[in-house]
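Reader: I am new to this structure and would like to go through it with you. Could you show it to me?

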Amino acid sequence: MPTLAEEFNPVRPAGAIYDLRERALPETHLHRRWEPADGPLPALFISHGAPPALGNHGWMNDLYDWSRSLPKPRAIVVVSAHWENAPVAINATAADAPLFYDFSGFDPEYFTLRYPTPDAGELAQRVAGLLGYQPVHQFADRGLDHGAFIPLMAMYPAGDVPVVQVSMPSLNPQDLLELGEKLRPQRTEGILVIGSGYMTHSFAVFRNPELSGHLDAFDEWAAANIHSGNVDALTDYLHQGPGARIAHPTADHYVPLLLAMGAATDPTSAHTVFTRKGLGNHIRSIEVY
């Protein structure tokens, strides 16, 4: 198992995503596209990771295999832990919009990454209509941030699915739950709704590995309540989740989970697709119908 220093500074930055592209692009045309007979797509919660995650072959392959287990969506709506803007906003949706490198201190290779996607202007208009705010501000110069582009690079390496990123209106779990409810109808139209965060998100564990027990306890608690569809407990995580303030000193990487649960028709259908540890934290990722 690599050390934290090795995870932050892989020998070949983004090497896993480059290898995945080489393997996956020739078979992109084999990925069956969603059809109405497939019924609604699930809502997802993805633990997205920092840029060095792009060098983790296991993690990137898990994401790719997950996408292949589902029909290819007509489009994607994603809410990332890294964008809070009230009451709500959407990103640049023109074809080939540049990425938003919302990080620093990493290898220069990560700032050369590209993920050109198709025009999503029509989807943006439809999403804006569902959100209930007039007008919904669109940032013409803000591309996908790393909470969106890291998992999507692995899941859809050809960049052939239109993507709209929606801001978090706040860090209040109830607000994310309600945002998910507004986006729920999109699932019946072959649109994948994603909340992108991290199941635990503690930098303190880097300095003090003894804190990992608190992160384990929170992950186990979250898993139990996710799998039982206990949305009330998940919303009240600060009071009910063991070690919640250690696992999540800030709410930004937790509340996208509520986005996914709110977008679900049946929260009790939630299940873990994969889980492992990355950078000392839990990267449990789920789908729910």
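Reader: Which residues does D145 touch, leaving out those up to four places away in sequence?

Author: D145 touches S80, H82, W83, F100, D102 and Q165, not counting residues up to four places away in sequence. Contact here means heavy atoms within 4.5 Å. Please note that this is a predicted model, in which local features need pLDDT of at least 70 and side-chain atom pairs count only at pLDDT 80 or more, while totals for chains, interfaces and linings use all residues. Residues are numbered from 1 along each chain as its sequence is written, and side-chain values use heavy atoms, with hydrogens and water left out.

Reader: Where does D145 lie, and is it buried or exposed?

Author: D145 lies in the loop between strand 4 (137-138) and helix 5 (146-155). Helices (H or I, at least four residues) and strands (E, at least two) are DSSP runs, numbered from the N terminus. D145 is buried, with a relative accessible area of 0%. Buried means under 20% relative accessible area, exposed over 50% and partly exposed in between, with a 1.4 Å probe and protein chains only.

Reader: Which side chains does a polar contact join to that of D145?

Author: The side chain of D145 has a polar contact of 3.3 Å with that of R142 and one of 2.8 Å with that of Q165. A polar contact is a pair of N or O atoms within 3.5 Å; within protein, one must be able to donate a hydrogen and the other to accept it, and residues adjacent in sequence count only if both atoms are side-chain atoms.

Reader: What does R142 lie over?

Author: R142 lies over the face of W83, at 4.2 Å from the ring centre. The rule asks for NZ of Lys or CZ of Arg within 6 Å of the ring centre and within 35 degrees of the ring normal.

Reader: Turning to helix 4, which of its residues are buried?

Author: In helix 4 (residues 121-131), the buried residues are L123, A124, V127, A128 and L131.

Reader: Why are they on the same side?

Author: They cover an arc of only 140 degrees around the axis, so they fall on the same side of helix 4. The arc is that of the directions from the helix axis to the C-beta atoms.

Reader: What is on the face turned away, and what covers the buried residues?

Author: The face turned away from the buried side carries the exposed residues E122, Q125 and G129. The cover of the buried residues includes strand 2 (75-84) and helix 6 (173-183).
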